[in-house]
Amino acid sequence: MGDIEASDSNRPRQTVLLSVLPSKEFATSRKGMLLIAEVVLSFVSFICFAASTAAAFVTVPLLEFLGALFLLFAYSMKFNERFKGFLWPLMDFLRCVTASIIYFIVSIMAVSRYVDGSSKAAGIFGFIATIAFALDFYLIFNELATFLKDGGQTEAEPSRQRDDFSDSDSD
């Protein structure tokens, strides 16, 4: 009888944990995979910098880890749909641009100036993170350029306008 009660008491903890994790649809999307890669690479780079003699560079991967983790959580909880006041694509674009530039500079310095293995590993993971962040800002830039080229209309708006014109033509 005690076993049944114990299994029920673990259920709310499991649902709370599952509610924090990103959904399967988002995690398998292109944006979700890029954000997960950015979080993992930033965390690994943070650990390597913390264990190396180049510990002065530990703030860069830590800040990028926290920023990517925040956006992963925000996109998976669909905060971008709830809070329209923030310019989510622009905020994400600026985060990716600055992260790729800073990661590139810090990685070059870690690989060239320090001789220990963890500094070299942090630099290599930093170069891989640079590629991930650069790919992310390239894709965001293409989406923003397409959006602006279409006159700032979403996909639903042009079809609605076409339906309005076709209704007025039939009258």
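Helices, taken as DSSP runs of at least four residues, are numbered from the N terminus. In this predicted model, the protein chain has eight helices and zero strands. Read from the N terminus, the order of elements is therefore α-α-α-α-α-α-α-α.

Of the 171 residues in the protein chain, 29% are buried. Where contacts link residues at least 6 apart in sequence, 68% of them join residues at least 24 apart.

**Helix H7 and its surroundings**

Helix H7 covers residues 117-149. With 33 residues at 1.5 Å a residue, H7 should span 48 Å, and this agrees with the 47 Å between its end C-alpha atoms. The buried residues of H7 include Ser118, Ser119, Ala122, Gly123 and Gly126. Further along H7, Phe133, Asp136, Leu139 and Ile140 are among those buried. The cover over the buried residues of H7 includes H3, helix H4 (59-76) and helix H6 (88-113). Just after H7, Gly151 has a positive phi of about 85°.

**The packing of H3 with H7**

Two packed helices are described by the angle between their axes and the distance between the axes. Helix H3 (residues 30-50) packs with H7 at an angle of about 155°, and the axes lie 9 Å apart. Because angles over 145 degrees count as roughly antiparallel, H3 is roughly antiparallel to H7. The crossing in which H3 passes H7 is left-handed. The residues of this contact divide by class as follows.

| Class of residue in the contact of H3 with H7 | Number of residues |
|---|---|
| Nonpolar | 15 residues |
| Polar | four residues |

Key
Residues are numbered from 1 along each chain as its sequence is written. This is a predicted model: local features need pLDDT of at least 70, side-chain atom pairs count only at pLDDT 80 or more; totals for chains, interfaces and linings use all residues. Side-chain values use heavy atoms; hydrogens and water are left out. Axes are lines fitted to C-alpha atoms, for helices over the stretch in contact, and angles run from 0 to 180 degrees between N-to-C directions. Helices (H or I, at least four residues) and strands (E, at least two) are DSSP runs, numbered from the N terminus. Angles under 35 degrees count as roughly parallel, over 145 as roughly antiparallel, 65 to 115 as roughly perpendicular and the rest as oblique. A crossing is left-handed if the near helix is turned anticlockwise from the far one by less than a right angle, and right-handed if clockwise. Ala, Val, Leu, Ile, Met, Phe, Trp, Tyr, Cys and Pro count as nonpolar, Asp, Glu, Lys and Arg as charged, and the others, Gly among them, as polar. The expected span of a helix is 1.5 Å times one less than its number of residues. Buried means under 20% relative accessible area, exposed over 50%, partly exposed in between (1.4 Å probe, protein chains only). Contact means heavy atoms within 4.5 Å.
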